[in-house]
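Hi,

Here is the structure I promised you. Have a look at it first, then read on for what turned up.

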Amino acid sequence: MGYAILRIAKVKSLSAAHAICRHNSRKVEVITANTDIQNPKIIIPEVEENQKNYPTYTKFFKAKTSGQTVRKDAVRALELVMSFSKDSIKDSELRDWTKSCIEFIKENFGGSLSNLYDFQLHTDEMGAPHCHALLICLDDTNKLNARYYINGAKKLSALQDAYAEKMKPFGLE
């Protein structure tokens, strides 16, 4: 039995969010990536719409937070990396695993995917396949609020538990 792996990182600047998008979409050279392998394109209508309307994360962020006063030290985005122990999931299960990752984001970060700006599945690196997601952290009142999702050890632990539960059908713990 393998392990479900979830990493959440705060993104504190718009330039960092932009760099993450460029890295994840392979618009910059990634030395750990095998250029002979093409990453599968995951179509998520909400992400496609967000990227069509807002060609950069900066424009997306400014549109979503318009009318708000954003603190200098505010978390501008959250980056999620979802993965599993190497060789724990068969290639034939990868599409279903990816769908479960998207469902996990929807269930735990706002109830819809409208806050999700970027989602990429990477199969071109040495380790296990993994997904990257970049989202803006808006609370129930549409206010920028990362603490709403990740404030403290209890909330982070609950997210880890929820991810592990979502991954149980794949034999992950």
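Let's start with Ala128, which sits in the loop between S3 and S4. Keep in mind that this is a predicted model. Is Ala128 buried or exposed? Ala128 has a relative accessible area of 12%, and buried means under 20%, so Ala128 counts as buried. Which residues does Ala128 contact, if you skip its neighbours within four places in sequence? They are Ser83, Phe84, Ser85 and Lys86. Ser83 is 45 residues away from Ala128 along the chain, yet their C-alpha atoms are separated by 6.9 Å.

Now for the largest nonpolar core, which has 35 residues. Leu80, Met82, Trp97, Ile105 and Phe119 have the most contacts inside it. S1 (4-11), S2, H4 (94-108), S3, S4, H5 (147-150) and H6 (152-167) each supply at least two of its residues, and H4 gives the most, with 6.

Last, helix H3 (57-64). Its buried residues are Tyr57, Phe60 and Phe61. They lie on the same side of H3, because they cover an arc of only 95° around the axis. In general, an α-helix has 3.6 residues a turn, so residues three or four places apart point the same way. What covers the buried residues of H3? The cover includes helices H1 (14-24) and H2 (45-53), along with strands S2 (77-84), S3 (116-122) and S4 (130-135).

Cheers

Methods: Residues are numbered from 1 along each chain as its sequence is written. This is a predicted model: local features need pLDDT of at least 70, side-chain atom pairs count only at pLDDT 80 or more; totals for chains, interfaces and linings use all residues. Side-chain values use heavy atoms; hydrogens and water are left out. Buried means under 20% relative accessible area, exposed over 50%, partly exposed in between (1.4 Å probe, protein chains only). Helices (H or I, at least four residues) and strands (E, at least two) are DSSP runs, numbered from the N terminus. The arc is that of the directions from the helix axis to the C-beta atoms. Contact means heavy atoms within 4.5 Å. A nonpolar core is a set of buried Ala, Val, Leu, Ile, Met, Phe, Trp, Tyr and Cys residues joined through side-chain atoms within 4.5 Å.
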